[in-house]
Amino acid sequence: GGGVYTHLGSNSITECNILYNTALTVGGGVFSLGYSLFNANVIAHNYSTSGGGLFLYFATGQVYNNLIAENNAANGAGLYVYQTNCNIVNNSILKNNATSGGGGIHGYAGSCNFSNNVIWGNTTSAQTNIAGADYYQENGSHVFKNNTLQQAMTNYTFTGSGNYDLGLNATGNIFGQNPDLQNINDLIGVDQLYRTIDDGGIPNNGSICINAGNNNLAANISTMDIIGNTRIQNGIIDLGAYEKNMSLNTMAINLKLFIQGYYLGNSTMTPALVNQGILADPTMTDTITVELNDPSAPYELMHSSKAILYTNGNAIANFPLSAAGNTYLMAIKHRNGIETWSANPISILSGTIYDFTISSSQAYGDNQIEVEPGVYAMFTGDINQDGFIDSFDFPALDTDIFNGVSGVYVNTDLNGD
């Protein structure tokens, strides 16, 4: 415990900067035995043989809203969990480096729940794209839900055992996609103060981290994030230690659209996020990505925003103020829908309203389907997101039907039930 050592008892460590500490064997930043609660701390630039940032030893408790970053160790540079049973929720585990295994996380035995975390930029032997750079475990039964992970899904197993296993009940994880943070190479920001609004770990407007968490898995964490933002800004919790402040230097535009597979009739869609175990609000259907593109070829992407789509078809997308007064082609993306563009360029102002549902001609190429007289929706069925609904979408659907997959967040649930 180079910076902090806790031994049994009931400990609460909150809003501390634990920086530039060294321990010879374990816990460069923190060593913790027994019950502890870690909330809204920065654990960075520490070193030890095992657990460069944080070493949890026969521990229980909660680890949430922490930035665990740029620590070094032979094993478990960011976090080492040894015979530990903790809830590790909404942390940003970034740019830690191990020389052996588990650049971000190393687990030995125990059973931890890793939920809503951003795990990115971690390295083993200075490489981010090799197995174990983000996570390595021995003899444990840890479960990962709704985290960003560095490698493609094929690099992990889901059997309950194995060095790169995410658990039998793993669900909702995002694999191999850059989380698009403010500046991962300058996590402290230009003010040289952690836990402020210029921290590099804050998601950008179009980040995959926004509205990608599971509220139920974060039910017991603080109502504030690491820098004091209200924890849920737009109905669904973000991933990582930082909740995107959607009111800061942004403007909102209003959309209405339906998704064919989710449509129930009478201008209502099914609450897919409730049915798939993500949250308990029955007014929310799913998330969509709203993109603003240059109206001239090659139609360059200019801005992107992730938004909640409600059961009545309404959605609010937030964009930077710099988008105001400009004209864009709007594109809507959904995880199992055909990408749908506005028929014509739209002038973007705060409060702009665009309704896709009133006519097929609201979409480029009339690319919508009439789901009841005078009501139009995006086509459902592009499970592999290659821009087509065809036989290449069927294998994933067939596999999940055969395996009886239900109650989890998967693209193959075409009607959201």
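Among contacts in the protein between residues at least 6 apart in sequence, what percentage join residues at least 24 apart? The share is 68%, where a contact means heavy atoms within 4.5 Å.

This is a predicted model, in which local features need pLDDT of at least 70, side-chain atom pairs count only at pLDDT 80 or more, and totals for chains, interfaces and linings use all residues. Residues are numbered from 1 along each chain as its sequence is written, and side-chain values use heavy atoms, with hydrogens and water left out.

**View 1. The whole fold.** Welcome to the protein, with its 2 helices and 32 strands; these are DSSP runs numbered from the N terminus, helices being H or I of at least four residues and strands E of at least two. Along the principal axes, the C-alpha atoms fill a box of roughly 70 × 50 × 35 Å.

View 2. Of the 417 residues, 54% are buried (buried is under 20% relative accessible area, exposed over 50%, partly exposed in between, with a 1.4 Å probe and protein chains only). The protein exposes about 16,400 Å², and carbon and sulfur atoms supply 51% of that area (Shrake-Rupley method, 1.4 Å probe; for residues, only the protein chains shown count as cover).

**View 3. A closer look at Pro 395.** Pro 395 counts as partly exposed because its relative accessibility is 47%. Ile 383 is 12 residues from Pro 395 along the chain, and their C-alpha atoms are separated by 9.7 Å.
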